[in-house]
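I opened this notebook to keep track of what I looked up, one entry at a time. My interest was in how the chains meet.

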4 protein chains.
Amino acid sequence: MDANQFFKSLGIHLDLALEATEALRGDAQKEIPGVSETKEEHTHATVTTIKIFNKTGQQIMGRPEGSYITIEAPDLASNDKEIYQEISSIIADKIAELMQELKVGKDASVLLVGLGNWKATPDALGPEVIESSLVTRHLFHYAPAELRGGLREVSAIAPGVLGVTGIETAEIIKGVVEKLKPGIIIAIDALAASNLNRVGTTIQLTNTGINPGSGIGNKRTGINLETMGAPVIAIGVPTVVHAAVIAFEVFAALTQNNPYLTQQITEDKMQGIVGQILEPFGGQLVVTPKEIDELISQTAKVIAAGINQGLHPGVTVENSSFYLQ
Amino acid sequence: MDANQFFKSLGIHLDLALEATEALRGDAQKEIPGVSETKEEHTHATVTTIKIFNKTGQQIMGRPEGSYITIEAPDLASNDKEIYQEISSIIADKIAELMQELKVGKDASVLLVGLGNWKATPDALGPEVIESSLVTRHLFHYAPAELRGGLREVSAIAPGVLGVTGIETAEIIKGVVEKLKPGIIIAIDALAASNLNRVGTTIQLTNTGINPGSGIGNKRTGINLETMGAPVIAIGVPTVVHAAVIAFEVFAALTQNNPYLTQQITEDKMQGIVGQILEPFGGQLVVTPKEIDELISQTAKVIAAGINQGLHPGVTVENSSFYLQ
Amino acid sequence: MDANQFFKSLGIHLDLALEATEALRGDAQKEIPGVSETKEEHTHATVTTIKIFNKTGQQIMGRPEGSYITIEAPDLASNDKEIYQEISSIIADKIAELMQELKVGKDASVLLVGLGNWKATPDALGPEVIESSLVTRHLFHYAPAELRGGLREVSAIAPGVLGVTGIETAEIIKGVVEKLKPGIIIAIDALAASNLNRVGTTIQLTNTGINPGSGIGNKRTGINLETMGAPVIAIGVPTVVHAAVIAFEVFAALTQNNPYLTQQITEDKMQGIVGQILEPFGGQLVVTPKEIDELISQTAKVIAAGINQGLHPGVTVENSSFYLQ
Amino acid sequence: MDANQFFKSLGIHLDLALEATEALRGDAQKEIPGVSETKEEHTHATVTTIKIFNKTGQQIMGRPEGSYITIEAPDLASNDKEIYQEISSIIADKIAELMQELKVGKDASVLLVGLGNWKATPDALGPEVIESSLVTRHLFHYAPAELRGGLREVSAIAPGVLGVTGIETAEIIKGVVEKLKPGIIIAIDALAASNLNRVGTTIQLTNTGINPGSGIGNKRTGINLETMGAPVIAIGVPTVVHAAVIAFEVFAALTQNNPYLTQQITEDKMQGIVGQILEPFGGQLVVTPKEIDELISQTAKVIAAGINQGLHPGVTVENSSFYLQ
């Protein structure tokens with residue numbers, strides 16, 4: 001059974017490029033044309049960089065050309081100082097790397113966009129990262145140049161904090177982008193994974209922005225170079241899995257190494273069952289840890305620290321926790 | 001396959017008495033000794049009253065003797081004025097009924113307790129109800145008697161709003177109860193159901209309080225007559241289902257009317273599979289609608305309106321929305 | 001001593017047109033050229049409509065041509081149902097009146113803008129009104145026409161909820177306005193009065209928008225027809241007085257009917273003293289009631305109810321509290 | 001004119017012992033019987049320790065016997081790392097000193113109490129400190145002893161976060177204290193000063209707890225050894241001045257070195273004028289900086305860092321910002 005296809009048939013998009021490649025490559029670790037993959041090992045994390053470098057790769061992966069970096073850190077949310085420092089430094093390095101690839105200069109101004117609904121905890125990662133990030137644009141407009149040393153011009157917006165306002169998120173962001181004309185946008189969002197082990201342990205960074213179907217909220221318009229007129233780095237962390245994942249894992253476990261059950265439990269039957277179980281709430285159901293508030297708040301701290309280090313030369317791994325707002 | 005037994009084997013307690021009786025009675029609608037059940041039909045709701053009236057019933061149901069009233073209202077969270085008024089009036093009547101059974105006088109003072117963690121949206125029902133409830137104890141202590149007409153003495157506490165403080169919820173409540181000596185406690189809590197259709201559509205009221213194993217938070221000590229020294233009415237609404245429910249429903253759908261699969265998929269196999277799937281986060285995983293914030297806020301309004309009407313003679317179905325705080 | 005001039009010399013702008021006319025007309029009730037004034041008496045409120053109808057009036061008043069309606073309701077924040085209904089109905093009527101003057105059609109879409117910083121309670125009125133307002137734009141985009149009966153297309157934004165983001169409020173609003181192209185903007189803001197009796201008791205509505213110097217926050221750019229490209233109705237409630245007001249009232253009380261002290265306490269001396277007292281925090285000091293949170297929350301409810309009734313034919317004085325979000 | 005007497009005649013209590021001694025000693029720097037005072041100079045702060053050591057001192061000062069430590073740090077709220085570290089270390093040392101004087105052992109458990117109303121920003125200091133403090137009691141109950149190294153048993157409560165509940169703050173705290181039986185209570189509160197220069201720049205620590213009349217909220221019952229049954233260290237920061245202070249400073253400036261005005265402006269006249277000006281809101285009016293939210297949040301960070309360092313041997317000046325929650 002093919003996870004990718006199963007979720008696609010249910011209208012569920014896999015947010016993580018790494019999950020998409022894993023599903024495509026299968027146990028046989030097949031090569032995917034137009035796609036490269038490299039791995040680095042750190043003490044508390046594995047970092048996988050996937051590059052989609054042509055139209056074929058784009059089509060197979062269902063994602064735009066560009067870089068997709070995945071940090072897998074099983075103890076990300078553990079509130080341990082050493083892990084926190086390692087992961088925030090990796091995030092900082094990878095932001096710098098992606099900006100270089102995008103040819104965004106060291107002086108380019110940045111607009112941070114915290115996506116998601118701050119009132120629904122599993123979707124509140126983006127707003128919480130904004131809350132902790134170092135915003136400096138006001139300093140640049142009112143302070144003399146010599147006081148700006150070690151800081152880059154950064155502004156921030158968390159449009160979902162505005163609640164149900166009848167305004168689509170992308171409209172607000174686009175409006176602000178047209179006024180501010182940032183050199184680059186960094187958008188932070190909560191993602192849905194297809195594996196519970198990824199919740200709160202995996203961070204994806206990409207220089208392709210956010211594309212329709214991603215995220216756990218309702219974002220109909222993409223937030224990317226094309227729609228915004230500025231390059232977009234997207235940072236995402238899975239905070240939920242779609243409820244269908246549980247069903248899929250049951251099927252997978254039943255049919256694994258069991259030809260009899262594999263024959264009995266057809267894809268049609270599976271889809272019928274899942275469709276019926278997930279009927280309430282139009283299938284918009286997510287699985288999330290009970291203690292989701294702590295997971296969100298600790299993950300947000302690590303990401304904000306990484307962003308602060310990555311953007312401002314004056315913020316270092318040692319002082320980064322002081323500069324969390 | 002027996003839902004009750006399946007969940008028990010996974011250490012999952014069914015919060016709703018109605019679900020427990022349904023599981024016990026099965027399709028054959030067997031009588032349960034020591035337990036009575038009556039139903040009323042309303043325009044937008046069905047109300048089932050289960051009474052456990054002896055030791056046998058208590059043992060079979062795994063619940064203390066007392067009344068368990070379940071309001072099933074599929075459109076509870078629809079923000080429709082007519083439904084809102086009908087359901088809040090039913091809640092008010094049932095609170096009055098339970099208080100009468102407990103022989104609590106019309107002048108008895110009330111302590112409202114909003115259980116749950118306000119920072120994790122699916123668990124924030126209790127604090128949100130408190131936020132909207134009419135609290136009057138300060139009026140009674142500072143205002144002349146003639147100004148108190150139409151109001152009962154009500155105080156309120158939402159201990160989980162205090163966050164992770166290292167103090168167990170029941171300790172805080174017990175401390176406050178010993179100071180205030182209320183005539184009765186009404187505790188509001190978010191529950192876990194074993195059926196997605198119950199999320200945001202079902203309200204349970206009981207005069208037995210909250211007993212270990214209930215609720216989606218970690219409440220190790222019960223909140224009941226025995227622990228608090230005052231009778232406790234508990235009002236609960238399922239806002240999540242345990243993630244194991246999805247797995248159970250897959251098994252149930254596969255094995256229904258299929259003797260081959262029923263034979264293949266043994267209970268042992270099922271438990272093994274579910275145990276493995278739910279390993280992350282120690283199995284503390286819940287399924288919840290994406291738009292959980294709206295569900296919580298609308299449900300909290302209906303319940304607070306019902307409580308205000310039930311407790312204060314001066315609050316009526318017509319003016320109850322004005323008195324929501 | 002002239003209040004107007006005293007505050008002007010300290011760089012303090014009077015937010016209420018009514019206070020400006022009172023200061024200009026003095027005890028002698030002089031006519032002000034280019035300015036008309038009419039009064040209506042209601043059971044719980046006095047409504048004064050000031051019209052500035054030519055350049056002369058504009059110059060004397062230091063305000064653009066247009067209508068300035070002031071509702072004085074000493075018991076506005078009393079949480080009494082009768083007062084609440086009268087005042088919200090007056091607000092609804094006056095919004096309709098101002099929209100008619102602006103020749104804004106009954107079908108024109110509306111953008112509500114809640115100004116102010118939600119984290120500083122005295123400045124949080126705008127965001128709290130937004131929180132309670134009925135927003136419908138999403139219904140218009142996704143629902144069939146027949147379901148929209150009784151509702152107008154309304155969207156809303158509370159830019160200050162985004163916190164210190166380095167983006168000027170007017171930039172965000174302008175960006176959103178350019179995307180949404182609303183027929184009219186209604187901006188709600190907390191004001192500073194020059195009289196403590198006005199705090200929480202006075203509401204000003206004007207069809208001239210918000211002009212530099214108004215409000216208690218830092219709004220350097222106006223929010224008006226000229227800057228936004230759409231007409232702007234501004235609704236303001238004084239929630240603070242500037243700290244200099246206390247000093248002014250001491251001087252006024254000392255010198256009233258006392259020629260000796262009037263001679264001794266010169267304007268120069270007064271300004272010197274006030275300058276020194278208000279030195280900390282660059283003079284950005286406000287006087288506010290201790291229980292400011294209740295005042296803000298009750299005032300916000302009345303205003304949101306008035307807006308909901310004024311904009312949506314289907315919302316009436318009887319059902320308006322139900323439709324508060 | 002005597003500040004102390006002026007405020008007393010208006011029913012205003014001076015929260016800071018240092019202000020009381022300054023008022024009593026006057027320009028002549030008179031000795032106060034039963035009261036000693038010592039000063040230490042630090043790079044960014046002056047620390048004054050006042051000890052009231054007998055009944056005479058107690059009566060003159062209107063305060064219980066005990067130690068009152070005042071840290072004056074003009075740049076406290078500047079968000080500068082060096083200042084932040086110096087002040088938090090001083091707070092840590094002084095907490096240790098006061099605990100030693102109270103003969104509270106190094107293993108004594110601590111209950112942190114964050115007083116004040118989190119919904120009214122100027123009064124939200126206590127709850128914000130609690131939000132950032134390291135709470136460990138749950139670790140002690142569930143973790144093996146070897147994992148507790150470097151941590152003391154700390155629990156925390158912010159009763160005002162519960163809002164208007166009809167329960168007096170002291171009742172809730174007393175209830176919790178009777179359950180937890182802490183070795184010592186540390187209560188944090190926002191104070192009212194009699195001088196604008198103290199707002200956000202001064203920290204008072206005392207081992208006498210909180211006594212009626214202190215603080216800007218309504219605390220009718222004291223929180224001290226007598227009422228709680230455990231010793232209480234109170235940490236307070238002025239975040240407002242009473243509005244009468246502005247009036248007083250005007251009088252003081254007018255009459256200073258001016259015998260004519262001194263003769264004209266009698267205390268009776270002053271009290272009459274102030275009484276009239278402050279009539280709205282029953283005189284419960286405070287003066288506060290516009291940007292009060294930033295002042296509160298930065299001050300809360302410094303105090304929480306000081307408490308964390310003072311209580312847990314494992315938290316040092318270098319790592320303290322990491323351990324802010």
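The entries below go through two interfaces and then one residue.

Entry 1, chain B with chain A. I kept in mind that this is a predicted model, and began with the contact, which takes 42 residues from chain B and 42 residues from chain A. The area buried between these two chains is about 3700 Å², and carbon and sulfur atoms give 68% of it. On the chain B side I found that B:Ile277, B:Phe281 and B:Lys290 lose the most area to chain A, together 17% of what that side buries. I then looked for pairings and found 9 residue pairs in polar contact across this interface, while the count of salt bridges between chain B and chain A is 0. Of the elements of chain B, helix 9 gives the most to the side that touches chain A, with 8 residues. By class, that side divides into 26 nonpolar, 9 polar and 7 charged residues.

Entry 2, chain B with chain C. Here I noted 10 residues from chain B and 11 residues from chain C in the contact, with about 950 Å² buried between them, 56% of it on carbon and sulfur atoms. I counted 1 residue pair in polar contact and 0 salt bridges.

I located B:Asp293 in helix 12 of chain B, which covers residues 292-311. B:Asp293 is buried yet has no salt bridge, and the nearest side chain of opposite charge, A:Lys119, is 6.2 Å away. Leaving aside neighbours within four places in sequence, I listed the contacts of B:Asp293 as A:Asn117, A:Lys119, A:Ala120 and B:Thr121.

Conventions:
Residues are numbered from 1 along each chain as its sequence is written. Chains are lettered from A and ligands numbered from 1 in the order in which they are written. This is a predicted model: local features need pLDDT of at least 70, side-chain atom pairs count only at pLDDT 80 or more; totals for chains, interfaces and linings use all residues. Side-chain values use heavy atoms; hydrogens and water are left out. Contact means heavy atoms within 4.5 Å. Buried area is the accessible area (1.4 Å probe) that two parts lose on being put together, summed over both. A salt bridge is a side-chain nitrogen of Lys or Arg within 4 Å of a carboxyl oxygen of Asp or Glu. A polar contact is a pair of N or O atoms within 3.5 Å; within protein, one must be able to donate a hydrogen and the other to accept it, and residues adjacent in sequence count only if both atoms are side-chain atoms. Helices (H or I, at least four residues) and strands (E, at least two) are DSSP runs, numbered from the N terminus. Buried means under 20% relative accessible area, exposed over 50%, partly exposed in between (1.4 Å probe, protein chains only). Lys and Arg count as positive and Asp and Glu as negative; His and the chain ends are not counted. Ala, Val, Leu, Ile, Met, Phe, Trp, Tyr, Cys and Pro count as nonpolar, Asp, Glu, Lys and Arg as charged, and the others, Gly among them, as polar.
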